[in-house]
Amino acid sequence: MLNRRLVIQTFAAVVSHGSLTRAVAQESNVLKVVNGFPAGGVVDTVSRRVGDGIMATGYAKSVVVDNRVGAAGRIACAAVKAAAPDGNTLLLTPDTALSLYPFIYNKLDYDPFRDFRPVSIAALTTDALAVGPMVPDKVKTVRDFMSWAKANPQHASFGSPGTGSPLHLLGSLLSKEAGVQLTHVPYRGAVPGVADLVGGQIAAMVAPTGNFLNFQQSGKLRILATSGLHRTPFTPENSTFAEQRCADGYPVEAQWFGFFAPATTSDVVVKEVNKSIAHSLRNKSVVESLATYGLVTRGSTPEDMTDSLRKQHENWGLLVKRIGFTAES
């Protein structure tokens, strides 16, 4: 009996030492957070702010953000799919890169449900339509803009963070509903598009609401409507698309940015990373910094994140089918 107890105690000590070694080894490593959008944008900001919070938990010695810009985030997804499943590389992406894209691209370099392991949702977001100085001040609603666009076809355009992005879909949906031809101008992320909007190079832009906040406050652009069932607390003066009875069904669920790991990442590692992200999202400085970008911090379990992703996938499929949207629209 004594020998058996000694064996059990020794085994427990080895396991405990192994866990400690894993934690110490991780602390000496660099955590790479990969996202598919330019520095300075909303997705990049989530990567950096939550990454800083993760580093503060001791999970990693440092955090490096890798902006794999292009293809509306698909390049970043493919890069993380091929990464080592050691907890040192995470994907931070809008849910739509996995829930929506399968319905609008004939071929993806990744399978949204087989190539990644959900780790945690990080923040909730909304989208918005905004106009710049090219559009007269009297234009205050989506209907006003569509009337102006119809009367000024040479300027009837909207930018988005990339062809095939959900923001492209939103602009196309508004155009189709109103029966007004709007020329789509794709950008490599929201930041350059908003710069052109403020500079008067394009008439309108659809992007995450947070990309517009500072410019609206300084009077350089005007938000016409935001997505979601309720007005965002960051722009309570702006009505929703639903209130204006347009963009019916967009979006069908709360939109979010979330962290994913390569598919074969172990349960132990996923649990460890999830715990670090949860601590980060409770950090007051993280919460406040993301709020300035129109984001509400919201963590989750991997299981809840998986359920949300599947619901999003189902709902986007119905919406895309209804409007007949493709990436080439």
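Analyst: Let us begin with the largest cavity, which is lined by 24 residues, with Val43, Pro94, Leu167, Pro208 and Phe257 lying nearest its centre. Please keep in mind throughout that this is a predicted model.

User: What makes this space a cavity, and how many cavities of 30 Å³ or more does the structure hold?

Analyst: The word cavity is used because a 1.4 Å probe fits there but cannot get out. The structure holds one cavity of 30 Å³ or more, and the volume of the largest cavity is about 230 Å³.

User: Which elements supply the lining of the largest cavity, and of which classes are its residues?

Analyst: Helices α2, α6 (166-178) and α7 (190-198) and strand β10 each supply at least two residues of that lining, and the largest share, three residues, comes from β10. By class, the lining of the largest cavity divides into 15 nonpolar, seven polar and two charged residues.

User: Why is strand β5 said to be largely enclosed by the rest of the structure?

Analyst: Buried means under 20% relative accessible area, and five of the five residues of β5 (residues 127-131) are buried, so the strand is largely enclosed by the rest of the structure. Asp127, Leu129 and Val131 point one way from β5, while Ala128 and Ala130 point the other way, and all of these residues are buried.

User: How do you know that β5 is paired with β8 and with β9?

Analyst: Two strands count as a pair if at least two bridges are found between them. β5 and β8 (residues 204-208) have five bridges in the antiparallel sense, and β5 and β9 (residues 222-226) have four, again antiparallel, so each of these two pairings meets the requirement. Within them, alanine 128 stands opposite alanine 207 in β8, and leucine 129 stands opposite alanine 225 in β9.

User: What makes β7 and β9 the edges of their sheet?

Analyst: Five strands form this open sheet, in the order β7-β6-β8-β5-β9 and with mixed pairing. β7 (183-186) and β9 each have a single partner strand, so one side of each is left without a neighbour in the sheet. Neighbouring strands of this sheet are turned by 25° against each other on average, direction ignored.

User: Which helices lie on this sheet?

Analyst: α6 lies across β5, β6 (157-160), β7 and β8, running at about 160° to β6. α7 packs on the sheet as well, touching β5 and β8, and its direction makes about 145° with that of β8.

User: Why is threonine 226 called buried?

Analyst: Threonine 226, which is found in strand β9, has 0% relative accessibility, and because the limit for buried is under 20%, it counts as buried. Leaving aside residues up to four places away in sequence, threonine 226 touches Asp127, Ala128, Thr209, Thr232, Thr235, Asn238, Ser239, Thr240 and Phe241.

User: Why is one side of β2 and of β11 left without a neighbour in the other sheet?

Analyst: Six strands form that open sheet, in the order β2-β1-β3-β10-β4-β11, and the pairing is mixed. β2 (62-67) and β11 (296-297) stand at its edges with a single partner strand each, so one side of each has no neighbour in the sheet. Eight bridges join β4 (residues 116-125) to β10 (residues 255-262), and these two strands run antiparallel; phenylalanine 116 stands opposite proline 262 in β10. Helix α2 (residues 42-56) lies across β1 (30-35), β2, β3 (89-94), β4 and β10, running at about 165° to β2.

User: Is tyrosine 59 buried or exposed?

Analyst: Tyrosine 59, found in the loop between α2 and β2, has a relative accessible area of 4%, and because buried means under 20%, it is buried.

Note on methods. Residues are numbered from 1 along each chain as its sequence is written. This is a predicted model: local features need pLDDT of at least 70, side-chain atom pairs count only at pLDDT 80 or more; totals for chains, interfaces and linings use all residues. Side-chain values use heavy atoms; hydrogens and water are left out. Buried means under 20% relative accessible area, exposed over 50%, partly exposed in between (1.4 Å probe, protein chains only). Contact means heavy atoms within 4.5 Å. Axes are lines fitted to C-alpha atoms, for helices over the stretch in contact, and angles run from 0 to 180 degrees between N-to-C directions. On a 1 Å grid over the protein atoms alone, a cavity is a set of points where a 1.4 Å probe fits but cannot get out, and a pocket is an open set with protein on both sides within 12 Å along at least five of seven lines; lining residues have an atom within 4 Å of a point. Grid points are joined across faces, edges and corners, and a volume is the space filled by probe spheres set on the points. Ala, Val, Leu, Ile, Met, Phe, Trp, Tyr, Cys and Pro count as nonpolar, Asp, Glu, Lys and Arg as charged, and the others, Gly among them, as polar.
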